[in-house]
Amino acid sequence: MSRRWPHIAVTAVVALLATVWAVPELGGDTGTSRVWVDGGDLLGVSLATHVDGLAASMLLLAAGIALLVQVYSTAYLGDDPRFRSYASIVILFLLGRIAVVVADDFFVLLIGWEVMGLCSYLLISHEWENEPARAGAVKAFLMTRFGDLGLLIGILAIGQTYNTYRISEVLAATPQHATGIGLLLLLAVVGKSAQFPMHTWLPDAMPGPTPISALIHAATMVAAGVYLVARLLPLFAASELVMTLLALIACITMFIAALFALTGNDVKRILAWSTVSQLAYMFAALAVGDRDAGIDHLLSHGAFKALLFLAAGCLMHAVGSSALSSMGGLRLSMPATFAATTVGLAALAGVVPTSGFFTKDEIIAAAHHATEDLSPVSAGIAWLVLVVALVTAFLTAAYAARLWFRVFFGPAREAHDAPRAMTAPILILAFATLALSFGKPVHIGIGLLTTLVAAAGIGLVWWIRERRIQLPLDRLWAPLRAELGIDTAFDRWIPAAFARASRAVIVVDRDGIDSYPRTISYGADLGSRLLELSQSRNVQRYASALAVGVVLAVAFVVVWS
């Protein structure tokens, strides 16, 4: 036990400092800026921070979730021989997230961004003895690094365009080259937040420890993309093309990820696809120009998704597996986990009075307003966002209900609830999920509509379960359970395309470019051989050649004179 608490103490100190830094700025728009180290004209990069209401809320979310994860991990991984390195990386992960949130210099933000990527790789591969953990970590690292190229090039383009790397100064200036810069930053966001078509790495990261899944999904890694768009929304919104593309990506992602979650058979993978879908909701809100709606849902989702992943860890602790087939009838033997999970799934489904109900309604209301008022996207795109969001709300309620019924109902199973160090954090998060509802705006018409949509999804699942109806949907379910084979593009098509391209480059290099130096070399060799003939070291041959030359010269003069 003694080796666990120092890491909790360090995390608590970091969380306390973050809280002290954040609380005075909550609800503020202007914020406080400070330059800690001025790089001047020589470096052009400064260690500068800016904390406003947006950054303050993100600080509190990241610090709170990280502290609860550390406490939870003392029971979940307390006997792990690599616990110290694990807990240390969690602290570094938190510091990287704090750097992204408070940075007022793009390069400082980039450092924090990359620290989170490195920590996610190390934590996903914590159990490196398992091949799926190694493969998932490498996939996450490579796909997010590819997206990060867009961030790096985008930052360089921002520096050349605005002659500064200070975020506050860029936002205060008139947007320039917004489409090009926005597309580069969008690449980074799509990779980091696992959006279509780079969405497949997040579910494959599930072999990592479950507390880390909670941290990545709720407060750090994938939330960074949403935060970046929210922070730089004026820059993104200056280009209708970028915002339209963001809206289309959000629509595709939220819909297909909800379908994958509906047909999944692994608790953690279902929750992973749920995260992908809910992040798309946030991007949809940002795409129609409502930053507050997107960030409110990010905060709400952070609470209930951390709750659900930590609850999944409690279930795995009890039954030894994350497969749905290993669960069922656990509500009586695991009352604390059942109660907390019920709150979390209700928030995911958008059931009143959880925070998920209010924040999801904010997003749908924002899309509805965008169909009537001026927004960064056209009315047609806004209508698309609205319709897809409502369809996805139905699917979300359906897969949340399916998960709830499959895990907790049916024939009772013998199991023991998790230790207090694991159940206490999920109960705290359940309370937070409900408490975050207070003060949220209420949209009566939208609320009634989404309640009917959620009730339809939950009711359909209940009806199918109670009637034991076997739907003839195998032809539809099979490709969905295979996740439409999208990974085939990354596992086969893209590597094959690069292999063919590399072979073509080799042929061009060997038969095209290399032909020039080879030709020059051959000509030089031939010339040297011809010259060698005149250097025979035979005096008689030299005299004969000289005589012949003199005769030819005399004959030439005689003939032409």
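1. The second largest pocket has a lining of 28 residues, and those nearest its centre are Leu26, Ser57, Leu60, Leu61 and Leu299. Its volume is about 740 Å³. A pocket here is an open set of points on a 1 Å grid over the protein atoms alone, with protein on both sides within 12 Å along at least five of seven lines, and lining residues have an atom within 4 Å of a point. Grid points are joined across faces, edges and corners, and a volume is the space filled by probe spheres set on the points.

2. As to basis, this is a predicted model, in which local features need pLDDT of at least 70 and side-chain atom pairs count only at pLDDT 80 or more, while totals for chains, interfaces and linings use all residues. Residues are numbered from 1 along each chain as its sequence is written, and side-chain values use heavy atoms, with hydrogens and water left out.

3. Which helix gives the most to the lining of the second largest pocket? H3 does, with ten residues. At least two lining residues come from each of helix H1 (5-22), helix H3 (53-76), H14 and helix H18 (420-435). Helices (H or I, at least four residues) and strands (E, at least two) are DSSP runs, numbered from the N terminus. By class the lining has 16 nonpolar, six polar and six charged residues. In this scheme Ala, Val, Leu, Ile, Met, Phe, Trp, Tyr, Cys and Pro are nonpolar, Asp, Glu, Lys and Arg are charged, and the others, Gly among them, are polar.

4. Two cavities of 30 Å³ or more are found in a search of the whole structure. A cavity is a set of grid points where a 1.4 Å probe fits but cannot get out. The largest holds about 60 Å³ of space, and its lining consists of Val267, Leu271, Leu308, Ala312, Leu315, Thr341, Leu345, Leu403, Val407 and Phe408. Helix H13 (267-287), helix H14 (291-319), helix H15 (335-349) and helix H17 (379-408) are the elements that give two or more residues to this lining. Nine of the lining residues are nonpolar, one is polar and none is charged.

5. The second largest cavity has a volume of about 50 Å³. Among its lining residues are Ile124, Trp201, Met206, Pro209, Ser213 and His217. Helix H9 (residues 210-218) provides the largest share of the lining, four residues. The lining divides into eight nonpolar and three polar residues, with no charged ones.

6. For the chain overall, the secondary structure comprises 23 helices and two strands. The radius of gyration is 31 Å, well over the 24 Å that the globule rule gives for 561 residues, so the chain is more spread out than a compact globule. That radius is taken over C-alpha atoms, and the rule is 2.2 Å times the number of residues to the power 0.38. The C-alpha trace spans about 120 × 55 × 50 Å along its principal axes.

7. H17 has 30 residues and reaches 43 Å from its first C-alpha to its last, close to the 44 Å expected at 1.5 Å a residue; the expected span is 1.5 Å times one less than the number of residues. H17 is largely enclosed by the rest of the structure, because 21 of its 30 residues are buried. Buried means under 20% relative accessible area, exposed over 50%, and partly exposed in between (1.4 Å probe, protein chains only). Glycine 410, with a positive phi near 105°, follows H17.

8. Helix H16 (residues 355-370) is largely enclosed too, because 14 of its 16 residues are buried. In the loop between H15 and H16 lies proline 353, which a cis peptide bond joins to valine 352, with omega about 10°.

9. The loop between helix H8 (178-192) and H9 contains proline 197, joined to phenylalanine 196 by a cis peptide bond with omega about 5°. Alanine 194 is found in the loop between H8 and H9 and has a positive phi near 55°. At 0% relative accessibility, alanine 194 counts as buried.

10. Is histidine 177 buried or exposed? At 57% relative accessibility it counts as exposed. Histidine 177 lies in the loop between helix H7 (167-172) and H8, and its phi is positive, about 50°. Most residues other than glycine have a negative phi, and most peptide bonds are trans.
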